[in-house]
Every structure is written in structure tokens, then in C-alpha cells.
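Visitor: Could you walk me through this protein, one feature at a time?
Guide: Gladly; have a look first, and then ask away.

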Amino acid sequence: FQAGLAKCPNHPGLLHFYIHTAQFAGDSKAAAGAATTLASFTLPSEDSHLTHMPGHTFFDLGLYAQALDVGQRSVAMDYADFDCCHPGYYSAPRYYHSHNVEFLVYALIQNGRASETVAVAERADDPSLIERALVAAQDWQGVIALPYTKNDDAAATFTRALAFAKLGENDKAKATLANLPAVSAAKPYRTAIESAMRSSVLAQIALNQHDDANALTLLETASTDAARGDRLVGIREMPTLYYYSPHLALAELAMKRNNIDVARAALNVELQESPKSPAATAALAKLNGA
């Protein structure tokens with residue numbers, strides 16, 4: 001790829017594959033130039049996926065403002081192509097659309113604009129993204145208002161149980177949490193993530209009961225399991241629980257309890273999961289200045 005880029009440094013396809021190659025090699029820093037170059041192009045609307053691609057590198061390097069730019073542009077290109085050309089289901093704009101939108105949602109969250117994610121997800125008409133966006137925006141009543149059955153997937157069950165807990169409805173939170181599907185031992189990633197989900201909800205229930213010590217222990221478990229689950233996935237664009245970080249929840253409670261070491265450790269995990277996370281960086285600065 002490097003030889004090809006040396007000959008054709010502005011070839012969108014080569015830049016696209018170089019970004020992926022660097023990410024798979026665990027060296028997204030090597031693709032910083034390629035991502036910046038590709039992000040500078042103005043491409044036809046049907047090439048929204050190419051405009052989106054630098055986001056992979058930008059997320060890995062903690063360049064969230066740049067990720068937001070390409071995220072907004074790629075999603076706008078999708079809609080422009082839908083409106084003008086009505087591409088088929090398997091066309092690139094439709095095939096990658098939810099992926100592009102989820103990148104935009106994560107970029108908005110990292111830029112402190114979580115309240116804007118709901119409108120983005122609703123326009124995409126993607127139920128899974130809508131529930132995540134509502135959680136990110138802390139619209140708990142909105143989560144409860146979504147259609148739900150006990151056979152829905154783990155994320156839908158988690159978000160609903162968490163919403164009930166955040167609203168102080170502990171019994172409903174516990175009843176919903178009981179619907180989390182059983183996970184095969186052959187799927188350790190899912191086991192870890194669902195454990196993190198369960199512990200996060202139980203922690204909020206403990207907080208409602210003024211049992212901060214138990215809540216802290218539960219959030220420590222949630223943080224550990226969420227990070228372990230993401231490590232098991234390997235290459236990924238964003239943390240699985242990007243819309244409700246157990247690491248930030250743990251840090252917030254630990255700071256409240258003046259447990260500085262636990263708070264600092266949780267924030268450092270968040271920075272591993274979301275490099276240069278503005279929320280974690282600001283919280284660490286506050287801790288270090290205390």
C-alpha cells in the first residue's frame with residue numbers, strides 16, 4: 001500500500017484501504033496523513049463511505065472534531081444520494097448508512113453534543129441507534145416510550161432497564177434486567193459485555209437505595225467487564241458501551257466518595273477505550289488540580 005500511495009498519493013481507494021490496513025495492524029497513527037488527505041476531498045454523494053473512512057483513524061487518534069466533520073459530511077451525502085438517485089438496498093450508500101450514522105453519533109458524544117444524537121438517529125430510522133442516542137442524551141422517559149418485548153436483544157433490554165433505574169423505578173428495572181438473554185460460554189465477548197450491562201443497572205439501583213459502597217463495587221465490575229469485552233473483540237471502531245460508559249460512571253462516583261485512586265484508574269481506562277476522550281481528560285485535570 002505504501003508503494004502504491006507513493007505513486008498515487010491522492011487515490012481515494014488506496015487511501016481507504018491503507019486506513020483499514022493501519023488499523024488492523026494496530027498502527028492507526030501511520031494512517032494519519034492518509035486520513036487527512038482523504039478527508040480533504042469533495043467526492044460525489046454516492047462515495048459517502050470514502051468520506052466516512054478517515055473517521056476510523058480519527059477515532060483511534062482521539063481527533064474527534066475531525067471525526068465529527070467527516071461523519072456529518074458522509075451522512076449528508078447519504079441523504080443527498082437517497083433523494084436524488086434512489087439507490088438500491090445493496091448500494092454502498094444504503095449498505096453503509098447505519099455504520100456512517102453510528103460514527104456520527106459517537107463523534108457527537110465525544111464532542112459534548114450528545115443531545116443532538118437523538119435527531120440524527122431518528123432521521124436514520126434505526127431503532128438500535130435511537131435507543132443508544134436516547135441513553136447518551138439521558139432522555140430516560142424517551143427510552144421507556146420505545147416499543148419493547150422481553151425477546152428484544154441485550155442492548156434494548158439494557159437501555160430499558162437502565163432507564164427505569166435512572167427514574168428510580170427499581171422493581172421495573174430488575175424485572176427488565178431479568179430479560180437479558182442467556183449467553184453461551186463460547187461467546188466470551190458477549191458474556192463480558194452483558195455482565196457490564198447488568199452491573200451498571202444494579203449499580204444505579206444501589207445508588208437509588210443510598211448504598212454507594214455497593215454501587216462503587218458494581219461499577220468497578222462493570223468497568224472491568226466492559227474493557228475486557230472490548231479487548232476480546234479486537235479491532236473495533238468504538239467501545240461497545242460508548243453511549244453509557246461504565247468507566248465514566250465509576251469515576252464520577254469515586255470522585256464523589258473521594259476515592260481518588262479508583263477515579264483516576266477508571267478515567268485512564270476510558271482514555272484507553274476512547275483515546276483523548278474530552279470528558280475523561282477534563283475529569284483527570286480536575287483530579288490532578290485537586
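**A guided look**

Guide: His 247 is buried, its relative accessible area being 3%; buried means under 20%, exposed over 50%, and partly exposed in between, with a 1.4 Å probe and protein chains only. This is a predicted model, where local features need pLDDT of at least 70, side-chain atom pairs count only at pLDDT 80 or more, and totals for chains, interfaces and linings use all residues. Residues are numbered from 1 along each chain as its sequence is written, and side-chain values use heavy atoms, with hydrogens and water left out.

Visitor: In which helix does His 247 lie?
Guide: Helices here are DSSP runs (H or I, at least four residues), numbered from the N terminus. Leaving aside neighbours within four places in sequence, His 247 is in contact (heavy atoms within 4.5 Å) with Ser 223, Ala 226, Ala 227, Ala 266, Val 269, Glu 270 and Glu 273. The helix that holds His 247 is H16.

Visitor: Is Tyr 243 buried or exposed?
Guide: Tyr 243 sits in the loop between H15 and H16. Not counting residues up to four places away in sequence, Tyr 243 touches Ile 109, Arg 132, Val 135, Ala 136, Ala 155, Phe 158, Thr 159 and Met 197. Its relative accessibility is 5%, so Tyr 243 counts as buried.

Visitor: How far apart are the C-alpha atoms of Tyr 243 and Tyr 106?
Guide: Along the chain, Tyr 243 and Tyr 106 are 137 residues apart. The separation of their C-alpha atoms is 7.6 Å.

Visitor: How many residues has the largest nonpolar core?
Guide: A nonpolar core is a set of buried Ala, Val, Leu, Ile, Met, Phe, Trp, Tyr and Cys residues joined through side-chain atoms within 4.5 Å. Those with the most contacts inside the largest one are Phe 59, Phe 158, Met 197, Val 201, Leu 241, Tyr 242 and Tyr 243. In soluble globular proteins, nonpolar side chains tend to be buried together. The number of residues in this core is 85.

Visitor: Which helix gives the largest share of the lining of the largest pocket?
Guide: On a 1 Å grid over the protein atoms alone, a pocket is an open set of points where a 1.4 Å probe fits, with protein on both sides within 12 Å along at least five of seven lines; lining residues have an atom within 4 Å of a point. About 900 Å³ of space lies in this pocket, and of its 38 lining residues the closest to the centre are Gln 138, Ser 245, Leu 248, Ala 249 and Glu 252. With grid points joined across faces, edges and corners, a volume is the space filled by probe spheres set on the points. The largest share, eight residues, comes from H16.

Visitor: And which helix supplies the largest share of the lining of the second largest pocket?
Guide: That pocket holds about 450 Å³ of space. Among its 21 lining residues, Glu 102, Arg 132, Tyr 189, Ile 193 and Thr 240 lie nearest the centre. Five residues make up the largest share, and they come from H14.

Visitor: Which residues form a disulfide?
Guide: A disulfide is a pair of cysteine sulfur atoms within 2.5 Å, and the structure holds one. The sulfur atoms are 2.3 Å apart, and the link is left-handed, with -75° about the S-S bond. The pair is Cys 84 and Cys 85.

Key:
Helices (H or I, at least four residues) and strands (E, at least two) are DSSP runs, numbered from the N terminus.
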